Amino acid sequence: QVQLVESGVVQAGGSLRLACEASGRAFSHNVLAWFRQAPGKERQFVAATRQNDNITNSADSVRGRFTVSRLNNVMYLQMDSLKLEDTADYFCAAKGGPILTTRPHEYNYWGKGTQVTVSS
């Protein structure tokens with residue numbers, strides 16, 4: 001099970017931090033990731049982190065602005081310099097294996113999602 005906490009509305013240029021707590025079988029999965037989905041668009045990879053060596057991967061659209069980290073069973077997404085186009089529902093997901101894949105269908109566990117709105 002993965003549970004997403006924290007959401008919110010923030011002005012463009014501002015910051016927000018999301019947290020995702022993994023428990024049970026989800027906690028044992030090596031890779032935790034963030035995805036997002038804007039209205040009318042496909043789910044999009046944001047960032048991922050691997051437990052055994054803390055290797056991370058992030059999408060070009062957020063690199064340098066978003067930072068993914070993991071402490072025990074909690075994964076964080078620090079979002080800085082937010083843009084209007086970052087507005088979306090954000091999801092956390094978990095999978096086994098070593099690959100920090102960007103493809104949603106390869107993830108086994110999903111949180112329910114939380115809405116992030118960036119206003120002008």
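This is a predicted model: local features need pLDDT of at least 70, side-chain atom pairs count only at pLDDT 80 or more; totals for chains, interfaces and linings use all residues.
User: What is the mean pLDDT of the chain?
Analyst: The mean is 89, and 90% of the residues reach 70 or more. Here pLDDT is the predictor's confidence in each residue, from 0 to 100.

User: Where is confidence lowest, and where highest?
Analyst: Confidence is lowest in strand E1 (residues 2–5), with a mean of 60, and highest in strand E5 (residues 44–50), at 96. Strands (E, at least two residues) are DSSP runs, as are helices (H or I, at least four), and they are numbered from the N terminus.

User: Changing topic, how many disulfides does a search of the whole structure find?
Analyst: The search finds one disulfide, a term for a pair of cysteine sulfur atoms within 2.5 Å. Cysteine 20 is joined to cysteine 92, with an S to S distance of 2.1 Å. The pair links distant parts of the chain, 72 residues apart: cysteine 20 is in strand E3 (residues 16–22) and cysteine 92 in strand E9 (residues 88–95).

User: Why is the disulfide right-handed?
Analyst: The torsion about the S-S bond of cysteine 20 and cysteine 92 is about 70°, so the disulfide is right-handed.

User: Is cysteine 20 buried or exposed?
Analyst: Cysteine 20 is buried, at a relative accessible area of 1%, and cysteine 92 is buried at 0%. Buried means under 20% relative accessible area, exposed over 50%, and partly exposed in between (1.4 Å probe, protein chains only).

User: Next, where does arginine 65 lie?
Analyst: Arginine 65 lies in the loop between strand E6 (56–58) and strand E7 (66–71), and counts as buried at 11% relative accessibility. Glycine 64 lies in the loop between E6 and E7, but counts as exposed at 78%.

User: What does the side chain of arginine 65 reach at 3.0 Å?
Analyst: The arginine 65 side chain reaches the backbone oxygen of serine 81 at that distance.

User: Which residues is arginine 65 in contact with, leaving aside neighbours within four places in sequence?
Analyst: Contact means heavy atoms within 4.5 Å; the partners of arginine 65 are Gln78, Met79, Asp80, Ser81, Leu82, Lys83 and Asp86.

Technical notes:
Residues are numbered from 1 along each chain as its sequence is written. Side-chain values use heavy atoms; hydrogens and water are left out. A polar contact is a pair of N or O atoms within 3.5 Å; within protein, one must be able to donate a hydrogen and the other to accept it, and residues adjacent in sequence count only if both atoms are side-chain atoms.
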